[in-house]
Amino acid sequence: MSDDRPSLLIAGCGDLGIRLAERVPGWQVHGLRRNVARLPGTIMPEAGDLNRPETLARLDRYWDAVIYTATPSGRGVEGYRSAYVDGLARLLDRVETPRLIAVSSTAVYGQDGGEWVDEDSPTEPSAFNGEILLEYEQLARGAGGTALRFSGIYGPGRDFLIRKVRAGGVECRREPAVWTNRIHAEDCAAALAHLLALDQLPPVLIGSDQRPAPRWQVLSWLAEQLGADPPVEVADGEAGRKISQGKRVSAARLFATGFALQYPDYRAGYEELLRCG
């Protein structure tokens with residue numbers, strides 16, 4: 001039986017790709033990853049590696065949409081460049097698509113004084129990962145695609161902060177605030193599904209919840225919910241040294257397209273995580 005649904009390739013189909021596939025029944029979803037054994041039956045498996053010519057040859061066709069969600073195999077420069085820049089470049093050399101969404105990160109922003117950032121803010125990353133992600137974004141945008149910059153993703157299987165607080169002894173500066181930004185994995189998948197349904201996409205969008213929060217506040221709240229020891233207050237560093245305060249991320253442009261969050265702040269998201277185990 002023929003399948004007349006539009007075709008979607010999720011390159012690097014991990015947790016977000018699997019969550020996304022559940023939200024787009026109108027698409028024929030293909031998931032590319034090295035190990036396809038964990039893909040659900042709703043995703044057509046594409047076992048392979050973008051470093052291998054045979055994988056690229058199999059993907060060499062027209063796709064109605066491509067979402068690139070690859071993750072690096074290592075945390076060094078080589079791993080990042082291979083996953084993001086080299087992998088996307090190889091894919092774009094072979095596939096044709098009118099809609100490309102490249103999942104990126106707010107690590108492209110180097111602001112560290114507690115200021116607000118949005119899509120128009122300068123991108124001057126402070127570390128190599130942000131620099132490589134900017135190069136990756138430019139590659140996607142040069143192909144007519146959209147870069148979707150997520151802040152810190154949490155959710156099932158991404159509960160590092162809960163485990164850290166439960167273990168106790170977490171150190172944090174209270175004042176001045178160290179700002180944090182996050183988005184639940186389900187809202188990431190929902191944002192990608194939302195963008196697939198839009199007629200036109202801007203070159204860059206940010207995905208984050210509506211309420212950046214001081215790290216001390218988040219840690220204290222989690223400790224209270226868990227019945228764990230509260231965070232340990234530490235001093236604000238050496239005299240005369242610039243104090244790192246992080247940044248506050250605005251996703252107002254994404255919300256202006258009609259997107260609505262399921263988890264508007266950390267309390268809503270973490271409450272469900274704690275309730276479910």
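Contact here means heavy atoms within 4.5 Å. Keep in mind that this is a predicted model.

Q: Which residues beyond its neighbours within four places in sequence is phenylalanine 150 in contact with?
A: Leave aside those sequence neighbours and look at what else touches phenylalanine 150. The list is Leu16, Val103, Ser104, Ser105, Thr106, Ile183, Cys188, Ala191, Leu192 and Gly207.

Q: Which residues touch the most other members of the largest nonpolar core?
A: That core has 32 residues.

Q: How many residues are in the second, separate core?
A: Look for Ala70, Ile132, Leu134 and Tyr136, which are included in this second core. The number of residues in it is 30.

Q: Are α3 and α4 roughly parallel or roughly antiparallel?
A: The axes of α3 (residues 77-94) and α4 (residues 128-142) come within 9 Å and cross at roughly 0°. Angles under 35 degrees count as roughly parallel. The two helices are therefore roughly parallel.

Q: How many nonpolar residues are in the contact of α3 with α4?
A: On the α3 side, the residues include Val77, Tyr80, Arg81 and Leu88, while Phe128, Ile132, Glu135 and Leu139 are among those in α4. Sorting the residues of this contact gives one polar, two charged and the rest nonpolar. The nonpolar count is 13.

Q: Which are the edge strands of the open sheet?
A: Seven strands make up the sheet, in the order β3-β2-β1-β4-β5-β7-β12, with parallel pairing. From one strand to the next, the twist averages 20°. An edge strand pairs on one side only, which picks out β3 (44-47) and β12 (204-207).

Q: What is the bridge partner of histidine 30 in β3?
A: Strand β2 (residues 28-33) runs parallel to β3, and four bridges join them. Follow histidine 30 across to β3 and you land on its bridge partner, methionine 44.

Q: At about what angle does α6 run to β7?
A: Helix α6 lies across β1, β4, β5, β7 and β12. For α3, which lies across β1, β4 and β5, the angle to β4 is about 165°. For α6 and β7, the angle is about 160°.

Terms used
Residues numbered from 1 in each chain as written. Predicted model: local features only at pLDDT ≥ 70, side-chain atom pairs only at ≥ 80, totals over all residues. Heavy atoms only, no water. Core = buried A, V, L, I, M, F, W, Y, C linked by side-chain atoms within 4.5 Å. Buried < 20%, exposed > 50% of the residue type's maximum accessible area, 1.4 Å probe, protein only. Axes fitted to C-alpha atoms, helices over the stretch in contact; angles between N-to-C directions. Parallel < 35°, antiparallel > 145°, perpendicular 65-115°, else oblique. Nonpolar A, V, L, I, M, F, W, Y, C, P; charged D, E, K, R; others polar. Pairing = 2+ DSSP bridges.
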